[in-house]
Amino acid sequence: MSICVNGDSHQLAAPVSVDELLQRLGIESRKVAVERNLEIVPRSCFASTALADGDRLEIVHFVGGGDAGAPAYRPADDPFEVAGRRFVSRLIVGTGKYKDFAQTRDALAASGAEIVTVAVRRVNVTDPSQPMLADFVDPKRYVYLPNTAGCFTAADAVRTLRLAREAGGWSLVKLEVLGDQKTLYPNMPETFRAMEALVKDGFQVMVYTNDDPIAARTLEDMGAVAIMPLGAPIGSG
């Protein structure tokens, strides 16, 4: 039988479960999320979900991604509150652009940040021994904020965040649906569609938007826990 895993064809002599496939690939099931034919497979069902000929699987995990937020640190008597949680630091730090995961870990420790943005990407099934972000940035110490960097449609953004929740259990997320590859301006119609679906699905959404106050108020009314308006083109400094 033939299946497709992260875009590559794999031949199997006999049917196997998702759990057995992960073992054969040398992938730790607790560190990944699995999607089968566009449907998420709950980790509790890995052992009981048998694969069939023609199945298409996506196996993903968290990688460094996102950009730093406002570079400010506040004392405990002026906490930052979002989605009912209180944080001492107002700094939200990205986990991409570092030399390696060790440097990421050291930079986060020095920053004092409590929230880190992370991206969801395919696991390298050809070399599962490669390090993962969670091996260096402890999700018990930091709040992972999965984001949808690189998504240009509502469907892709919602799919990405559902996989992120399955991989790590986090419902607090950063939604960004982009409309232009160069400027990375938000696509507001797609953002509204994604926002509606995510709130209905129980997510707590921090949402990237343009500088239109009417759009921001609409997103707030839809249930956003934080509004993150565009100040300047991303990467412009």
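**Entry: ground rules.** I noted that this is a predicted model, in which local features need pLDDT of at least 70 and side-chain atom pairs count only at pLDDT 80 or more, whereas totals for chains, interfaces and linings use all residues. I number residues from 1 along each chain as its sequence is written, and I keep in mind that side-chain values use heavy atoms, with hydrogens and water left out.

**Entry: Ser17.** I placed Ser17 in the loop between strand S2 (8-11) and helix H1 (18-25); helices (H or I, at least four residues) and strands (E, at least two) are DSSP runs, numbered from the N terminus. Setting aside neighbours within four places in sequence, I listed Phe46, Ala47, Thr49, Ala50 and Leu51 as the residues in contact with Ser17, contact meaning heavy atoms within 4.5 Å.

**Entry: domains.** I then looked up how the chain is divided, and found domain 1 (2-61) and domain 2 (80-229), with bounds that come from an automatic or database domain assignment. Taken over C-alpha atoms, the centres of domain 1 and domain 2 are separated by 25 Å, and the contact takes 22 residues from domain 1 and 14 residues from domain 2.

**Entry: salt bridges.** How many salt bridges does the structure hold? I recorded 12 salt bridges, each being a side-chain nitrogen of Lys or Arg within 4 Å of a carboxyl oxygen of Asp or Glu. As background, side chains of opposite charge can pair when their charged atoms come close.

For the pair of Arg30 and Glu28, I noted a salt bridge whose closest N and O atoms are 3.1 Å apart. Arg30 is exposed, with a relative accessible area of 57%, while Glu28 counts as partly exposed at 41% relative accessibility. I also found Glu28, Arg30, Lys31 and Asp135 linked in a network of salt bridges.

Arg159 and Glu35 meet through their side chains in a salt bridge, at 2.4 Å from N to O. This pair links distant parts of the chain, with Arg159 in helix H3 (residues 154-168) and Glu35 in strand S3 (residues 33-36), 124 residues apart. On accessibility, I wrote down Arg159 as partly exposed, with a relative accessible area of 30%, and Glu35 as buried, with a relative accessible area of 3%.

Arg162 forms a salt bridge with Asp201, and here the closest N and O atoms are 2.9 Å apart. Arg162 lies in helix H3 and Asp201 in the loop between helix H4 (188-200) and strand S12 (204-209), so the pair ties together parts that are 39 residues apart in sequence. I found Arg162 partly exposed, with a relative accessible area of 35%, and Asp201 partly exposed as well, with a relative accessible area of 27%.

**Entry: H3 against H4.** At what angle do the axes of H3 and H4 cross? I read roughly 35°, with the axes coming within 8 Å; axes are lines fitted to C-alpha atoms, for helices over the stretch in contact, and angles run from 0 to 180 degrees between N-to-C directions. The crossing of H3 and H4 is right-handed, a label given when the near helix is turned clockwise from the far one by less than a right angle, left-handed being the anticlockwise case. The contact is made by Ala154, Ala157, Val158 and Leu161 of H3 together with Glu190, Arg193, Ala194, Ala197 and Leu198 of H4.

**Entry: Leu219.** I located Leu219 in helix H5 (residues 213-222), where Leu219 counts as buried at 0% relative accessibility. Beyond its neighbours within four places in sequence, Leu219 is in contact with Met188, Thr191, Phe192, Met195, Val207, Thr209, Ala224 and Ile227. For Phe192, I noted a C-alpha separation from Leu219 of 7.3 Å, the two being 27 residues apart along the chain.

**Entry: backbone check.** Most residues other than glycine have a negative phi. Leu38, although not a glycine, has a positive phi of about 70°; I placed Leu38 in the loop between S3 and strand S4 (39-41) and found Leu38 exposed, with a relative accessible area of 60%. Leu184 has a positive phi of about 60°, again without being a glycine, and lies in the loop between strand S11 (172-175) and H4.

Notes:
Buried < 20%, exposed > 50% of the residue type's maximum accessible area, 1.4 Å probe, protein only.
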